[in-house]
Amino acid sequence: MEREFSRRRVLGGAASVASAAVAAPLLTAGGAAAAPGAGEAAGAATSPAAPVRVLPDDPRYTELTTGQNRRWVGTPDEVRLVSTTEQVVAAVDEAVRGGKRISVKGGGHCLADFVFHKDIDLVLDMSLMNRVSFDEERGAFAVEAGATLMNVYDALYKGWGVTIPGGMCYSVGVGGHVSGGGYGLLSRLHGLTVDHLHAVEVVVVDRSGRVRSVVATREANDPNRDLWWGCAGGGGGNFGVITRYWFRTPGATGSDPGRLLPRPPEEVLVQALSLPWDQLDGRGFRRLVQNVGTWFETHGSPDSPYASLAGALPFTHRSSGGISMFAQMDATVPDAEKLFRAYHTHILDGVGATAEAAVRPMGELGALPELAEPTRLPWLRATRRLGTSSPMVTDPAIRGHHHSAYVRRAVPDTHIDRIYEWLNSDSIDNPMAMVILHLVGGAIDRVSPSATAVAQRDSHFKLLYQSMWQDPADDAANIAWTNGVFRAVYKETGGVPVPNGVTDGCYINYPDTGVHDPDANTSDWSWHRLYHKDNYPRLQQVKARWDPRNVFHHSQSVELPTI
């Protein structure tokens, strides 16, 4: 399905079509047709009738050209905030004809310089496209690409009692999160976000320079299905401008919207704990990580009674005072509290440190002292509490550096010991330098690595190596620390987590500009294979069909195949 617009209509009539929607009319939770806006996400702003053009002399320019990571500041000729697909088509058409380089900013943030880069002429800001609705014609939930996760969770749950298994941080933008696969606290139970992606709308440019919007679905007979596949985990900024997603769980049938996506638990058990560094030696740290590894090797099946147990262990630098752990589990599972306590008993066995309330920030999370004991909370309330607790999300001066790794089984002892060594390094004094062990697996592994563009499916853990700081004078020390721990852990495999029996490459939504540095990555695995493995040639074919002029690109986007 395509929408084509003549140049006259695109350039002269964009303001008049601001209320037009590619989806069916917005619907209320009960399914009745409603006026535009009635089915929007809670708190969504009313969009202006015409695109908002912000030029360098506009007081909004600095705000709109600076990333959440303050290391990335752009100097584009213009930032254009769009509110309809037609406005996106007009903006892309104008840029293509003018030979301007485009970047796309969703409603959230990017860890790298893909959006705010010195070579960008036009930033398309999607944050005003944030509506969530049920599309009766498609039988799926429509989510505009500028929405943030908390908006989506609020709207889907309050309107229909459903959700998508997306990330924990409330301010993450849907546009990039979904295109990179998307995972969160419900993924061990329900899979990745893209496992529920039914369709995607993308503004693309063909070889002749013609700009149009295309809707691609996961249906086997859809001639545009390859574009859906590429957008289901291939990462953002590759094929065009994603303007809208539609979600429906594969195999879901019927006309009741409340049965077309997963229903989250009515209540969850949540607990947050801290282990003081002054009680934790190398042996105890190793035992903790070993315990977590053996637990999830035993209970990693999607059919396990622990399938709903998820969380993370933020291992912060010694200067933080202690490392932390938090976990969440479906409280409606039989014997949930007994199972939950058994997990914590197991992972703390033999560690030699006494768990206490999380009175300090927990890496990316704030302090959570009220969760020292297993606590029952309604799912949405728990989601909001955890998702909004991060002090970094609203820090106006935050800077950061990041690396990632998939871990297929238990973390090897050699890797654990090197992480411990760097967490105790005197090279920095930063409580926000950390290695976070995210718990994944479960239902994620039900889906074939080739069914979507997400190639890594059988890992039990993701590791995020990162440091966050505020003063630009501290850039060099923090970047060196983050690079140092990452390269030390994987020194036997060229400084990167090459796919093998232990590790499985890197996560595209934690972009790492170091993996294509030949001085940092001395393995024979290129950066695109670390992200995409055997799916990369297929992604290149999608690129060749849908963006043959390479209009949409950044330093780690899918490259056109060589002929």
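**Contacts, packing and pairing in a predicted model**

Me: Which residues is Trp527 in contact with, leaving aside its neighbours within four places in sequence?
Reply: Trp527 is in contact with Val515, His516, Asn521, Ser555, Gln556, Ser557 and Glu559. Contact here means heavy atoms within 4.5 Å. The model is predicted: local features need pLDDT of at least 70 and side-chain atom pairs count only at pLDDT 80 or more, while totals for chains, interfaces and linings use all residues. Residues are numbered from 1 along each chain as its sequence is written, and side-chain values use heavy atoms, with hydrogens and water left out.

Me: Why does Trp527 count as buried?
Reply: Buried means under 20% relative accessible area, exposed over 50%, and partly exposed in between (1.4 Å probe, protein chains only). Trp527 has 10% relative accessibility, so it counts as buried. Trp527 lies in helix H13 (residues 527-532). Helices are DSSP runs of H or I with at least four residues, strands are runs of E with at least two, and both are numbered from the N terminus. Gly505 is 22 residues from Trp527 in sequence, and their C-alpha atoms are 9.0 Å apart.

Me: What makes helices H4 and H10 roughly antiparallel?
Reply: Helix H4 (residues 149-160) and helix H10 (residues 379-387) pack at an angle of about 175°, with axes 11 Å apart. Axes are lines fitted to C-alpha atoms, for helices over the stretch in contact, and angles run from 0 to 180 degrees between N-to-C directions. Angles under 35 degrees count as roughly parallel, over 145 as roughly antiparallel, 65 to 115 as roughly perpendicular and the rest as oblique. H4 and H10 are therefore roughly antiparallel. Met150, Tyr153, Asp154, Tyr157 and Lys158 of H4 meet Trp379, Leu380, Thr383 and Arg384 of H10. By class these are 5 nonpolar, 1 polar and 3 charged residues; Ala, Val, Leu, Ile, Met, Phe, Trp, Tyr, Cys and Pro count as nonpolar, Asp, Glu, Lys and Arg as charged, and the others, Gly among them, as polar.

Me: What angle do H8 and H9 make, and what is their packing called?
Reply: Helix H8 (residues 282-298) packs on helix H9 (residues 336-348) at about 135°, with the axes 7 Å apart. That angle makes H8 oblique to H9. On the H8 side the contact is made by Leu288, Asn291, Val292, Thr294, Trp295 and Phe296, and on the H9 side by Ala342, Tyr343, His346, Ile347 and Leu348. This contact has 8 nonpolar, 3 polar and no charged residues.

Me: How do you know that E8 and E9 pair?
Reply: Two strands pair if DSSP finds at least two bridges between them. E8 and strand E9 (residues 211-217) have 7 bridges in the antiparallel sense, and Glu201 stands opposite Val215 in E9. The two form a hairpin with 5 residues between them, and Gly209 in the turn has a positive phi of about 95°. E8 is also joined to strand E10 (residues 241-247) by 6 antiparallel bridges, with Leu197 opposite Phe247.

Me: What makes strand E8 mostly covered?
Reply: In E8 (residues 197-205), 9 of 9 residues are buried.

Me: Why do E2 and E4 stand at the edges of their sheet?
Reply: The open sheet has 4 strands in the order E2-E3-E5-E4, with mixed pairing. Strands E2 (52-54) and E4 (102-105) each have a single partner strand, so one side of each is left without a neighbour in the sheet. The twist averages 20° from one strand to the next. E3 (residues 78-81) and E5 (residues 122-125) pair in the parallel sense over 4 bridges, and Glu78 stands opposite Leu122 in E5. Helix H3 (residues 85-98) lies across E2, E3, E4 and E5, at about 170° to E5.
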